[in-house]
Amino acid sequence: MSINGKAFIAGAYEHPDREIKGKSLARIHAEVAYGALQDAGLSVDDVDGYFCAGDAPGFGGISMAEYLGFSKLRHIDSTETGGSSYVVAVGHAAEAIAAGKCSVAVITLAGAPRAAGMRVLGGGGGRGRGWGDTPEVSFEGPFGPNVLGFYALAARRHMYEFGTTSEQLAWIRVAASKHASHNPHALLRDVVTVEDVLHSPMVADPLHRLDSCVITDGGGAVIVVSPEVARDLERKSVKILGHGEGVKHTNNGHIDLTYTAAVISGKQAFEEAGVTPSDIDYASIYDSFTITVLIQIEDLGFCEKGKGGAFVSDGALESPNGVLPFNTDGGGLCNNHPNNRGGMTKVIEAVRQLRGEANAPVQVPDCQIALAHGTGGTIGARHGSGTVILGQPDA
Amino acid sequence: MPELPVFPPTVSPEAKPFWDATAEGKILLPKCNDCGTVIWYPRTTCPECMSSDVSWFEASGRGTIYSFAVVRRNGGPWRDALPYVLAYVELEEGPRILTNIVDTIDLECGQSVEAVFADTGEGNALVRFKTV
Ligand SMILES: [Zn+2]
């Protein structure tokens, strides 16, 4: 069974704040859930499916269902794949709707690490104990594997095997910063140059500070509905054409750092959607670091493996004139990476592009097909990926 | 190079032979008696063939750097050790294992390294590496 055309995204909402003090986590989930429902023109009484991940407080979504006032739920899913959870959840919601298990599904993300004092990535990583019974922890934690180090390991190996350079990675940040300059909500709105990136301090060689994403509070939500529900709404919906997910890990001591689970999730999503990378008008690509973007672009098939460095250079990712307009909200690198989980904002910006509601200077003209891709966990060890391909309602 | 912090591991029942051997400066690896797979990280079920017939053999302690990162930002007990090297070392026996290189940050992928053992004070040691 295919989900192609069986479900639509009818509402999307990104929390406008980047630092949120004096609100509980549940309250922030409520703000984004209600924001997205209002965007769709729906109410809590219409909701019969709820999807959340590890950021939701309480008991696997059940606490949040109560807080939010969802009293007609007949489907619940709390799949946890880190930052990609919300891309995976769009696929799972479409599957549930296609199977008749629900007709109005809400997906939420919220968090406030910035208000809690987190300002830089990479603090406190690495101990031998903790994380309960996590089986790998004693063989990794004692060596100080923070998130910066894990992504730097992948960057180093890519450079070694394919000759990728720091300059090439810097072009990814440059494009994101130009897009963010048009986003009034973006945390960082200054345009940066390749030189700015290369002159920013090394945080974990070969990655610089400006190769890293921002740390922000907030979150977002999307509403996935059946074709019948979508048809009766005034607001423009976006059709879900395809979805894929995948898991990659250290593979019994044979980790290969040159690719991610996007190889698995992307292939499935393209097949289900019946399109190819050259059909994609706009792509939201997970951008915890510049290297994340580069490797995933290769894995999704936008260019050959190892050629990502050349592909992303010289403005190729800039909207609207680049070869592959990406992350037109400024992405996790410059705009927003709420709760260190970037998948939700990837979906939301793809919806904006298809609705023609991106910030005007970066709106892709006649955007017909968009992709949103997320990676959660770390590409330096283990992660889960999700890819969705979206189109116009009549696609 | 600053001294790296030493964290005692949680020793699972299945990985105890590995940890016990580190106290004597040895790396013991589990190997599946049914399919011949060298298993990493240490456990006594085979992720290739589901066998639980696993025995232990001594590795050479030599390997090459598969990848490395020079970490310049971290908190807690790692702050005083900055910059330190996080690396995957590919053992001669095959597995790529996460570790530290302790003697220099001036490294290349493919470089040869050998094991050194950092006593945790709990009857075992962490397996780190230095250049040869
Ligand atoms: Zn076996």
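Residues are numbered from 1 along each chain as its sequence is written. In this predicted model, local features need pLDDT of at least 70, and side-chain atom pairs count only at pLDDT 80 or more.

The zinc ion is held by the SG atoms of Cys32(B), Cys35(B), Cys46(B) and Cys49(B), at 2.3 to 2.4 Å. Donors here are N, O and S atoms within 2.8 Å of the metal (3.2 Å for Na, K and Ca), with water not among the atoms. The arrangement is tetrahedral because the 4 donor atoms subtend angles of 103 to 116°; four donors count as tetrahedral if all angles lie between 85 and 135 degrees.

Along the sequence, the donor residues follow the spacing C-x2-C-x10-C-x2-C. Cys32(B) is buried, at 2% relative accessible area, whereas Cys49(B), at 31%, is partly exposed. Buried means under 20%, exposed over 50%, and partly exposed in between (1.4 Å probe, protein chains only).

Turning to the interface, 45 residues of chain A and 43 residues of chain B are in contact, meaning heavy atoms within 4.5 Å. Between them the chains bury about 3,600 Å², 56% of it on carbon and sulfur atoms. Buried area is the accessible area (1.4 Å probe) that two parts lose on being put together, summed over both.

The count between chain A and chain B is 1 salt bridge, a side-chain nitrogen of Lys or Arg within 4 Å of a carboxyl oxygen of Asp or Glu. The side chains of Asp205(A) and Arg72(B) form a salt bridge at 2.6 Å, N to O.

Terms used: Chains are lettered from A and ligands numbered from 1 in the order in which they are written. Side-chain values use heavy atoms; hydrogens and water are left out. Four donors count as tetrahedral if all angles lie between 85 and 135 degrees; four count as square planar and six as octahedral if opposite donors are over 155 degrees apart and all others between 65 and 115; anything else is irregular.
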